[in-house]
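Good morning, everyone, and thank you for making time for this. I would like to walk through one model slowly, starting with the overall picture and then turning to a few of its parts.

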Amino acid sequence: MHQSISIVIPTIEEESLFSLVEKLRQTIGKDIEIIIVDKSSDTYYNRLKSTGAIVIRQRDKGVESAIMQGLRRAKGNILASIDADETHDISGIVDGVKLVESGKADLVLGNRMGSLEQGSMDAYIKVGNSVLSWMFGKLYKTEVHDVLTGLFVMRRGAFDSIREVEPYRAGIAFFAIELARLGYRVREVDIKYYKRRHGKSKLTKSKFAYGVNVASHLIRQLRDYSPLLVFGGLGVIVGLIGLAIGIGVLSDFLHSGVFVQTGRALAAFMLVVLGFLFFVAGLILDMLLEIEKRMVKK
Ligand SMILES: Nc1nc2c(ncn2[C@@H]2O[C@H](COP(=O)(O)OP(=O)(O)O)[C@@H](O)[C@H]2O)c(=O)[nH]1
Ligand SMILES: [Mg+2]
């Protein structure tokens, strides 16, 4: 490899980190710069000295902030990050570096979704991740399947344009969103995803809240320029769910001749009304935005 590579590894007491560092050096090269951003006990921190890597002790919280601190310290032309728990296949870094070097991408995400080891990812994370990745894809017109991944490779120039941005809680999606909105090309490479062998997840107390936060950052950007798409789309979805429930209730009534499903009928009615209100909100916001645009032009 002719480019210099820096790899940032965020960790909270991860036992797997030590063998990961060894493997990275064996696979990618002895000369890679490894930066560990650590938020663990003193005992663990002292053990990190044996890795020969640069070690930063994180004072604040959050994996995004940890990775950001590591990247700011990195000297390489190509920057990468990987979780310390040895769940991500390091071949993703090798393939990602190639893609960045070829000039085809500025940020490469490791896509785990096509190759999940049994029991490595809960069903609801799979669904949430797919929905968020779909939203991201629609918003930035790039096909990605795993915005919640823990592996990426990034071009130095791309990072330099976001190095002062304050990280928000969205994991690696934070980097993907910030770069994509500036027009940098986000691509992905397929990787295997393994089950955690040691310890528990450290990321957050509630992955659901975390997912909602990622969604809210994505929606915030959409809302800023396409309220009709966001609210209108939401209105159509909610309205259709209401209609589907309503049709179910109606067909039961027509079959049996007795009307018993008052609760479901009420829910259906409310969803249709809510859908309609969302749609109207979208129209009004869209109109306001149009007026604002016209005023700016004048
Ligand atoms: N330095 C640092 N590392 C973190 C923090 N939160 C998570 N990590 C590390 O980031 C990686 C991903 O976290 P993990 O708990 O595996 O998340 P999950 O795979 O989504 O369950 C692991 O290496 C964690 O040890 C944090 O606040 N600071
Ligand atoms: Mg993990």
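Before anything else, a word on burial: a residue is called buried if 20 or more other C-beta atoms lie within 10 Å of its own, exposed if 12 or fewer do, and partly exposed in between, with the C-beta atoms placed from the backbone. By that criterion, 35% of the 298 residues of the protein count as buried. Please keep in mind that this is a predicted model, in which local features need pLDDT of at least 70 and side-chain atom pairs count only at pLDDT 80 or more, while totals for chains, interfaces and linings use all residues. Residues are numbered from 1 along each chain as its sequence is written, and chains are lettered from A and ligands numbered from 1 in the order in which they are written.

The C-alpha trace spans about 75 × 55 × 35 Å along its principal axes. The protein is divided into domain 1 (5-223) and domain 2 (226-297), with bounds that come from an automatic or database domain assignment, and the C-alpha centres of these two domains lie 38 Å apart. There are 10 helices and seven strands, where helices (H or I, at least four residues) and strands (E, at least two) are DSSP runs numbered from the N terminus.

Let me turn to strand 5, residues 107-111. Five of its five residues are buried, so strand 5 is largely enclosed by the rest of the structure. In a regular strand the side chains alternate between the two faces of the sheet. Here Leu-107, Leu-109 and Asn-111 lie on one side, with Val-108 and Gly-110 on the other, and both faces are covered.

What does strand 5 pair with in the parallel sense? The partner is strand 7 (residues 186-190), joined over five bridges, and Val-108 stands opposite Arg-187 there; two strands pair if DSSP finds at least two bridges between them. Strand 6 (residues 151-155) runs antiparallel to strand 5, with three bridges joining them, and in strand 6 the bridge partner of Leu-107 is Met-154.

Helix 7, residues 173-181, is likewise largely enclosed by the rest of the structure, because eight of its nine residues are buried. Among those buried are Phe-174, Phe-175 and Glu-178. Just after helix 7, Gly-183 takes a positive phi of about 95 degrees.
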